[in-house]
Amino acid sequence: MVQMHLEVAQAVIATGYLVRHNSMVGTAKFRDDVDRSRRAIEASRELLERLRQRHRDDMAQGRHDPDVASVSVSAFDADILRSAFRQLVRETSVPECQWRDLARAWYMNSPGASRWKLA
């Protein structure tokens, strides 16, 4: 009888250690995921700022038609933006119905967003 109680106590202690270890691993993974998301968002902001700077440079050189409301973006730059946004969606696990709001927030948090109009 005493042996059985000792085995139960040892099993409870071992389970406690496993739960604590799994909790610590889960917390570390969560922190890594948050850090990765922050880096992805920062890289996206930097990319958007470079695109805006290129547009400002183009406007200063007179290459932009003032009657055209849209900003021309090369296929390569559009692919980079698309890829960065897809990665952001994967990392944040946002449902598709909220993608538009996420894109708007992503844009509004970028440097110089107040100078541009969203469609």
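This briefing describes helices, a nonpolar core, salt bridges and a surface patch in a predicted model. Because the model is predicted, local features require pLDDT of at least 70 and side-chain atom pairs count only at pLDDT 80 or more, while totals for chains, interfaces and linings use all residues. Residues are numbered from 1 along each chain as its sequence is written, and side-chain values use heavy atoms, with hydrogens and water left out.

**Helix H2**

- Helix H2 covers residues 75-92; helices here are DSSP runs of H or I with at least four residues, numbered from the N terminus.
- The 18 residues of H2 should span 26 Å at 1.5 Å a residue, and the end C-alpha atoms are 25 Å apart, which agrees; the expected span is 1.5 Å times one less than the number of residues.
- Asp77, Leu81, Ala84, Phe85, Leu88 and Val89 are the buried residues of H2, where buried means under 20% relative accessible area, exposed over 50%, and partly exposed in between (1.4 Å probe, protein chains only).
- Ser93 follows H2 and has a positive phi, near 55 degrees.

**Nonpolar core**

- The largest nonpolar core has 11 residues: Leu47, Leu48, Leu51, Leu81, Ala84, Phe85, Leu88, Val89, Val94, Leu102 and Trp106.
- Such a core is a set of buried Ala, Val, Leu, Ile, Met, Phe, Trp, Tyr and Cys residues joined through side-chain atoms within 4.5 Å.
- At least two residues of this core come from each of H1, H2 and helix H3 (99-108).
- H2 supplies the largest share of this core, five residues.

- Asp33 and Lys29 meet through their side chains in a salt bridge (3.1 Å, N to O); being four residues apart in helix H1, they are separated by about one helical turn.
- Asp33 also meets Arg36 in a salt bridge (3.2 Å, N to O), and these two residues of H1 are three residues apart, about one turn of the helix.
- Asp33 is partly exposed, with a relative accessible area of 24%, and Arg36 is partly exposed at 38%.
- Asp35 forms a salt bridge with Arg38, with the closest N and O atoms 3.9 Å apart; both lie in H1, three residues apart.
- Asp35 is partly exposed at 33% relative accessible area, whereas Arg38 is exposed at 57%.
- An α-helix has 3.6 residues a turn, so residues three or four places apart point the same way.

**Surface patch**

- Met4, Val8 and Val12 make a nonpolar surface patch of about 290 Å², with areas from the Shrake-Rupley method and a 1.4 Å probe, only the protein chains shown counting as cover for residues.
- Patches consist of residues with over 30% relative accessible area and no salt bridge; like charges are joined within 9 Å and nonpolar side chains (Val, Leu, Ile, Met, Phe, Trp, Tyr) within 5 Å.
- Val12 lies in helix H1 (residues 2-60) and is exposed, with a relative accessible area of 55%.

Technical notes. Salt bridge = Lys/Arg side-chain N within 4 Å of Asp/Glu carboxyl O.
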